[in-house]
Amino acid sequence: MHRHLISAADLTRDDAVLILDTAEEMARVAARPIKKLPTLRGRTIVNLFFEDSTRTRISFEAAEKRLSADVINFTAKGSSVSKGESLKDTAQTLEAMGVDAVVIRHGASGAPYRLANSGWIDAAVINAGDGTHQHPTQALLDAFTLRRRLTGRDTGLGQDLSGKRVTVVGDVLHSRVARSNVDLLHTLGAEVTLVAPPTLLPIGVESWPCAVSYDLDSTLPKSDAVMMLRVQRERMNAAFFPTEREYARRYGLDGDRMARLPGHAIVMHPGPMVRGMEITAEVADSDRCTAVEQVANGVSIRMAVLYLLLGGNEPAVTHARPSVSHHQPADERSAHTPFTAEEK
């Protein structure tokens with residue numbers, strides 16, 4: 001693994017498969033009565049959020065606490081950032097406190113990269129979303145959900161997504177989720193098709209490793225998964241389509257369109273959903289929609305990323321309990337491995 005996780009494009013196929021396989025082991029922790037591992041005991045992680053978030057922030061916090069890390073939550077509202085403090089000064093404040101990792105979400109594209117490469121802070125940096133640029137852990141949890149649903153939990157271990165066809169629909173122009181998914185799914189061997197009105201596709205999209213279509217109905221029968229994106233009005237400064245009704249009619253997923261998907265195909269959404277816009281309540285509440293499952297998988301993926309970045313080189317699971325001296329302190333004994341096969 002690398003020192004930081006800034007972009008999905010930085011991951012090789014082997015990197016991505018390692019994270020997915022580690023997340024499969026971490027997911028088993030959720031089924032245990034006590035959902036705690038001692039892996040990151042004594043490590044301090046700061047969640048540095050300059051933008052509003054529900055799923056991502058809570059998911060990272062849950063992952064960190066399940067790995068026994070000490071967690072500090074930082075939000076720009078109510079902090080010195082609202083008084084004009086720069087990212088550099090905030091970073092140097094965190095460095096003075098001796099943090100081991102920073103999970104950052106920022107409205108400016110490139111802020112996590114700047115933090116990781118500026119020398120302001122000597123800590124691992126994980127990008128939790130930067131502007132319209134990247135959201136690598138979202139792409140990883142989407143790939144994890146795809147592999148589990150389309151290949152199987154056990155049969156998918158060590159496998160990528162070769163041959164799987166994924167259609168991403170909606171506001172690609174403003175979506176860091178779309179960019180990250182195109183990068184990661186291509187790396188894992190999937191065939192990605194972007195479907196959106198021309199005004200919601202970025203300039204230069206033809207150079208991306210994916211196909212582009214303006215017709216949703218023609219792509220649905222050939223899709224193993226369809227990922228619906230929210231129209232991000234908070235990032236829009238112009239009229240990108242005539243009316244919400246027309247957008248929903250041409251690019252929204254309803255029951256009739258869902259019926260055109262192959263029987264095994266799934267419907268994905270990174271959240272938050274705008275019901276009645278890009279997806280109807282009928283589709284959102286159906287068994288084929290994985291939105292809630294994606295949230296659960298997000299905790300496992302983020303546990304895997306944190307473990308691989310901070311937890312050392314030991315495997316996520318050891319199949320025999322290491323021999324320890326009875327004179328060895330209990331804290332030292334429990335810190336060697338995340339969990340053993342006997343404890344699962």
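The structure described here is a predicted model.

**Annotated residues and the largest pocket**

- The "binding site" annotation of the unreviewed UniProt entry also covers R55, T56, R105, H135, Q138, G271 and P272.
- Of this second set, the residues R55, T56, R105, H135, Q138, G271 and P272 are included in the lining of the largest pocket.
- R105 is located in strand β3, which spans residues 101-106.
- R230 is situated in a loop, with β8 (225-228) and α8 (244-251) as the elements that the loop lies between.
- When neighbours within four places in sequence are left aside, R230 is in contact with D171, H269, P272, V274 and E278.

**Helices α2 and α11**

- Helix α2 comprises residues 55-66 and helix α11 comprises residues 291-310; their axes come within 8 Å and cross at roughly 50°.
- Angles of 65 to 115 degrees count as roughly perpendicular and those under 35 degrees as roughly parallel, and α2 and α11 are therefore oblique to each other.
- The crossing in which α2 passes α11 is right-handed.
- On the α2 side, the residues that meet α11 are R55, T56, S59, F60, A62, A63, E64 and R66. On the α11 side, they are V295, G298, V299, R302, M303 and L306.
- Sorted by class, this contact of α2 with α11 holds seven nonpolar, three polar and four charged residues.
- R55 and T56 take part in the contact with α11, and both are also included in the lining of the largest pocket.

**Helices α1 and α5**

- The axes of helix α1 (residues 13-29) and helix α5 (residues 136-150) come within 10 Å, with a crossing angle of roughly 70°.
- Angles from 65 to 115 degrees count as roughly perpendicular, and this description therefore applies to α1 and α5.
- Helix α1 contributes V17, I19, L20, D21, A23, E24 and A27 to the contact, while α5 contributes L140, A143, F144, R147 and R148.
- The residues in the contact of α1 with α5 comprise eight nonpolar and four charged residues, with no polar ones.

Methods
Residues numbered from 1 in each chain as written. Predicted model: local features only at pLDDT ≥ 70, side-chain atom pairs only at ≥ 80, totals over all residues. Heavy atoms only, no water. Axes fitted to C-alpha atoms, helices over the stretch in contact; angles between N-to-C directions. Helix = DSSP H or I, 4+ residues; strand = E, 2+ residues; numbered from the N terminus. Parallel < 35°, antiparallel > 145°, perpendicular 65-115°, else oblique. Left-handed = near helix turned anticlockwise from the far one by under 90°. Contact = heavy atoms within 4.5 Å. Nonpolar A, V, L, I, M, F, W, Y, C, P; charged D, E, K, R; others polar. UniProt positions renumbered as here; feature names shortened; annotations may be inferred. 1 Å grid on protein atoms, 1.4 Å probe; cavity = no way out; pocket = protein on both sides within 12 Å on 5 of 7 lines; lining within 4 Å.
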